Amino acid sequence: MSSGIGNKVKIQLFGQSHSRGLGVVIDGLPAGEKIDMERVTEFLRRRAGGRNAYSTPRAEADVPDILSGLVNGVTCGAPLCAVFENANTRGADYERLRAVPRPSHADYTAHVKHSGYNDVNGGGHFSARLTLPLCFAGAVCLQILERRGVKVDAHIFSVGDVKDDGYGDGIGTSINTETENASPKDADTQTNAARMASPPFPTLNESAGEKMKAVITEAAKRGDSVGGIIECGIWNLPVGLGEPIFDNLESRLAYALFAVPAVKGVEFGAGFASASMYGSEYNDPFYMDGGTVRTSTNNSGGILGGISNGMPIILRAAFKPTPSISLPQKSVNLQTGEDTELTVTGRHDPCVVPRAVPCVISAAAITILDFLETARI
Ligand SMILES: Cc1cc2nc3c(=O)[nH]c(=O)nc-3n(C[C@H](O)[C@H](O)[C@H](O)COP(=O)(O)O)c2cc1C
């Protein structure tokens, strides 16, 4: 399915950056789930542009129009369809891109794949504007997960060379236990200091956050952009989520995460650092914790054999620098077949990472709810 994901909870995105609107259909949600729209709107605000110096100046109202699937704010079992208006568009910014593709954006591949009929305005269907309906689906899934005691959160792990503290192996990080159905046992296992990052620039270490903002501001001043990493944690999952071989939990999380534009790498637990470790350092020792099997370290990031092992899932997604920069770049003219130079105009994020945090949370939440709902059958 193109622009769709999910086995039981199926999500279909539609629309373009400059089309009249865009949206999402979520099929397979459990019925009887109350969805707090104020919290949905609050979550969507985290990815909205036009609100600070670190993001695109393009501001949109981003108010979901719910066409179906909710009755008195409660899921009714029918597909939930939400649409959003695109009101603040500027097609003229994209006119030149019809012939001259932006380096490292999807303009060239979309042009070839769709025989030149692709919508270039704002990046068309490849625009990060499509992360708005993705985040709507994420916000809905998050509320259902929370009711089951599962928490998903994320923070900016790095921008350029500046690093945040990080969740480490996730042990000792905590989650908000004020969920409707969290059992006392859940609360026990969630432990210790609650180090959750707060929007709009979520870092665990405030001074690292200030340095990151300075890096973004400085790149923007030069007409450049900068990349970074988002770290995500998923707490309180049962043991056993994930199927052997292809439908394993790492594959399915990565599958969803790579749908977020500009993601170029995903790692779990110790990730790429594992490659330079010895087994004696890396292996997570098991121990009994009052009848529950736990591990005292979590280099595996909560996943063994592609199956959740009951420890926090810790993953990181690497984002490339925003392709649209205002410095002159080399490109080609697809109409004349000549080399040329391009200076991108328009409104762009100097760093996609701050706005991508809710996108990463959403990709994770959608995947986890799909697994949990599939397991319920
Ligand atoms: C939240 C978010 C905001 C983005 N903002 C921009 C932007 O303003 N300008 C731009 O050129 N790319 C932006 N991107 C990245 C492009 O959408 C992406 O690089 C492009 O679609 C090509 O896809 P790829 O990088 O996955 O290959 C953004 C990505 C995300 C996740």
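Modeller: Helices (H or I, at least four residues) and strands (E, at least two) are DSSP runs, numbered from the N terminus. This is a predicted model, in which local features need pLDDT of at least 70 and side-chain atom pairs count only at pLDDT 80 or more, while totals for chains, interfaces and linings use all residues. Residues are numbered from 1 along each chain as its sequence is written, and side-chain values use heavy atoms, with hydrogens and water left out.

Axes here are lines fitted to C-alpha atoms, for helices over the stretch in contact, and angles run from 0 to 180 degrees between N-to-C directions. The crossing of α3 and α8 is left-handed, a term for a near helix turned anticlockwise from the far one by less than a right angle, with clockwise giving right-handed.

Helix α8 also packs against α6 (residues 249–257), at an angle of about 140 degrees and with the axes 9 Å apart. So α6 and α8 are oblique to each other, and their crossing is right-handed.

Helix α3, in turn, meets α1: their axes come within 9 Å and cross at roughly 130 degrees. That angle is why α1 counts as oblique to α3. The crossing of α1 and α3 is right-handed.

Two loops carry backbone details. The loop between α1 (37–45) and β4 (65–68) holds Asp62, whose phi is near 55 degrees, a positive value in a residue other than glycine. Pro200 sits in the loop between α4 (184–190) and α5 (206–221), and a cis peptide bond with omega of about 5 degrees joins Pro199 to Pro200.

Around the ligand are 17 residues (a heavy atom within 4 Å of it), and Phe126, Lys320, Ser324, His348 and Asp349 come nearest. In Ser324, a side-chain N or O atom is 2.5 Å from a ligand oxygen. His105 has a side-chain N or O atom 3.5 Å from a ligand oxygen. The ligand taken alone exposes 630 Å², and the protein buries 88% of that (Shrake-Rupley method, 1.4 Å probe).

Technical notes
A polar contact is a pair of N or O atoms within 3.5 Å; within protein, one must be able to donate a hydrogen and the other to accept it, and residues adjacent in sequence count only if both atoms are side-chain atoms. Angles under 35 degrees count as roughly parallel, over 145 as roughly antiparallel, 65 to 115 as roughly perpendicular and the rest as oblique.
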